[in-house]
Amino acid sequence: MSIILKTEGLSHRYANASWAIRDINLEIEQYGIVGLLGTNGAGKSTTMNIICGALNPTAGKVYINGIDLQAEPERAKKEIGFLPQNPPLYPDLTIDEFLTYSAELRFMEPRTIKRALEEVKERCGLTHISSRLIANLSGGYKQRVGIAQAIIHKPKLVVFDEPTNGLDPNQLIEARKLIKEIALDHAVLLSSHILTEIQLLCKEIIMIEGGKIVFSDTMDAFNNYMQPQSVLLRTEIPAQGAELLKVPGVSKVEFLTERQVRIYFDGDQAITERLASASMQHGWRLREVSFDKGLLDDVFKQLSTQPIQ
Amino acid sequence: MYSNSYLLNLYNKIEVKIIFKIARTELRNLFYSPVAWFLAIAFLVQCAVFYTNSLIPYAKWQDVYINSTPKWKDFDSSLTAVLFLSGDSIISSALQNLYLFVPLLTMGLISREANNGTIKLLYSSPVKVRHIVLGKYLAIMVYNMMLVMIVGIFMVTAFFNIRSLDYGLLLSAVLGFYLLVCAYTAIGMFMSSLTNYQIVSAIGSFIIVFVLGRIGGGYGRNMILYGT
């Protein structure tokens with residue numbers, strides 16, 4: 001598979017500040033979603049802005065489809081679709097006008113624009129409101145127009161900077177579905193600070209912390225790496241800590257409330273079964289037992305203290 | 001060498017097209033918001049007031065002269081020049097007051113893009129910065145044409161009211177007016193690119209245009225007008 005995006009030693013510092021990102025090396029393939037994960041201020045947006053030419057890097061190079069972004073920006077940028085954190089919309093235009101304009105900005109052939117417009121509106125569910133002013137749209141629809149704008153010219157690389165920010169649960173599901181569809185024929189680079197979202201969508205994950213890549217591998221490798229270390233147990237009758245500790249494999253017990261316990265264990269995932277039988281035995285009336293995926297902060301702490309892979 | 005190849009490039013069809021498209025969208029933005037309309041209406045009212053201000057006294061004098069001096073034929077200065085170019089007439093007053101309009105018109109040209117975040121759309125598109133700048137300037141030049149047309153309304157009325165109108169004078173005045181407005185809006189657009197705050201860019205261009213509008217005023221202007 002050919003490489004669509006490649007960065008070499010990408011570094012950036014804002015005026016008089018410390019390095020926002022330092023020595024970022026990425027390679028993204030032709031199809032599928034690559035997740036860029038990081039806490040706020042980790043350098044996700046800076047990286048994406050540089051990749052899309054909205055910001056000039058202090059050092060380093062970006063290659064889009066093998067074309068150097070700095071040397072030949074016009075050619076390279078034809079292959080990029082970018083949705084920044086705030087969708088770049090003109091509030092005084094209608095959806096049709098805005099999308100046509102964004103197609104024209106990408107030097108699309110006038111003959112093909114009309115068809116591309118219908119197609120992208122269909123895809124993003126905007127057909128029925130296409131003559132509305134953007135200023136009057138709800139947040140979810142604005143986000144969709146933002147996504148439509150990024151894919152109308154069928155770029156090889158689509159970059160979404162926190163595309164699901166501020167959406168309600170229904171819109172969230174729709175947006176994720178849409179992004180998955182887009183990834184079928186585009187390479188998608190997506191950033192988020194929500195681990196579960198990345199886990200749901202991406203085939204590869206790149207984790208940034210403090211401007212540096214701390215983890216970069218496939219999702220499967222990440223899941224293996226991120227083995228749950230604890231389970232959450234909810235019972236009707238308060239469980240006894242001493243009895244819990246007797247269950248094989250349990251290393252530590254932490255009571256969150258009287259009826260909810262976080263149980264740390266080592267390795268073996270059959271722990272749930274043993275906990276269930278312990279509950280039966282002592283009559284705690286088990287209501288829920290689930291793997292605690294771990295707070296993102298813990299993951300970061302763990303990763304950022306380890307050597308870069 | 002750069003300017004040569006640049007001019008050649010400008011004839012490149014695609015480049016010209018994209019400039020026109022950016023200009024068209026900018027004009028849409030301008031006219032879909034009330035700002036452009038309000039400014040045009042305010043300018044129209046202002047011009048009307050200036051025009052009648054200089055017209056009425058002359059009409060009265062003419063009346064008085066005709067009644068009191070049977071042999072009186074005409075004023076011995078050019079009526080066109082007096083009505084359109086003298087100190088408190090329509091074009092010189094409009095020029096004096098341009099500093100009220102230009103900053104409001106140009107303050108958002110570029111800083112609005114930065115504020116909306118739409119600058120990222122432009123930066124991530126394969127357009128060059130000069131396309132954006134030229135497109136936006138073209139749009140504002142078209143708007144300036146509208147201001148000229150407003151002044152033109154009064155010239156058309158003058159055509160019906162003044163016998164043996166001095167066309168050359170009027171046309172050169174209009175050309176001068178248009179070029180000056182274009183120069184001012186270029187300054188305003190530059191100020192707009194310096195800051196993300198629309199108000200700051202408005203104040204900046206306000207000051208510059210105000211100062212420039214008063215350079216060479218007074219004595220110099222009278223010299224040109226009355227040939228002394």
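Colleague: Is the crossing of α4(A) and α5(A) left-handed or right-handed?

Modeller: Right-handed; that word applies if the near helix is turned clockwise from the far one by less than a right angle, and left-handed if anticlockwise. Bear in mind that this is a predicted model, where local features need pLDDT of at least 70, side-chain atom pairs count only at pLDDT 80 or more, and totals for chains, interfaces and linings use all residues. Residues are numbered from 1 along each chain as its sequence is written, with chains lettered from A and ligands numbered from 1 in the order in which they are written.

Colleague: Why are α4(A) and α5(A) called oblique to each other?

Modeller: The axes of α4 (residues 110-124) and α5 (residues 139-151) of chain A cross at roughly 140° and come within 10 Å. Under 35 degrees counts as roughly parallel, over 145 as roughly antiparallel, 65 to 115 as roughly perpendicular and the rest as oblique, so α4(A) and α5(A) are oblique.

Colleague: Which residues make the contact?

Modeller: From α4(A), A:V120, A:K121 and A:C124; from α5(A), A:R144, A:I147, A:A148 and A:I151. Contact requires C-beta atoms, placed from the backbone, within 7 Å. The residues divide into five nonpolar, no polar and two charged.

Colleague: And how much of chain B counts as buried?

Modeller: 31% of its 228 residues, where buried takes 20 or more other C-beta atoms within 10 Å of a residue's own. Chain B has twelve helices and zero strands.

Methods:
Axes fitted to C-alpha atoms, helices over the stretch in contact; angles between N-to-C directions. Helix = DSSP H or I, 4+ residues; strand = E, 2+ residues; numbered from the N terminus. Contact = placed C-beta atoms within 7 Å. Nonpolar A, V, L, I, M, F, W, Y, C, P; charged D, E, K, R; others polar. Buried ≥ 20, exposed ≤ 12 C-beta atoms within 10 Å, placed from the backbone.
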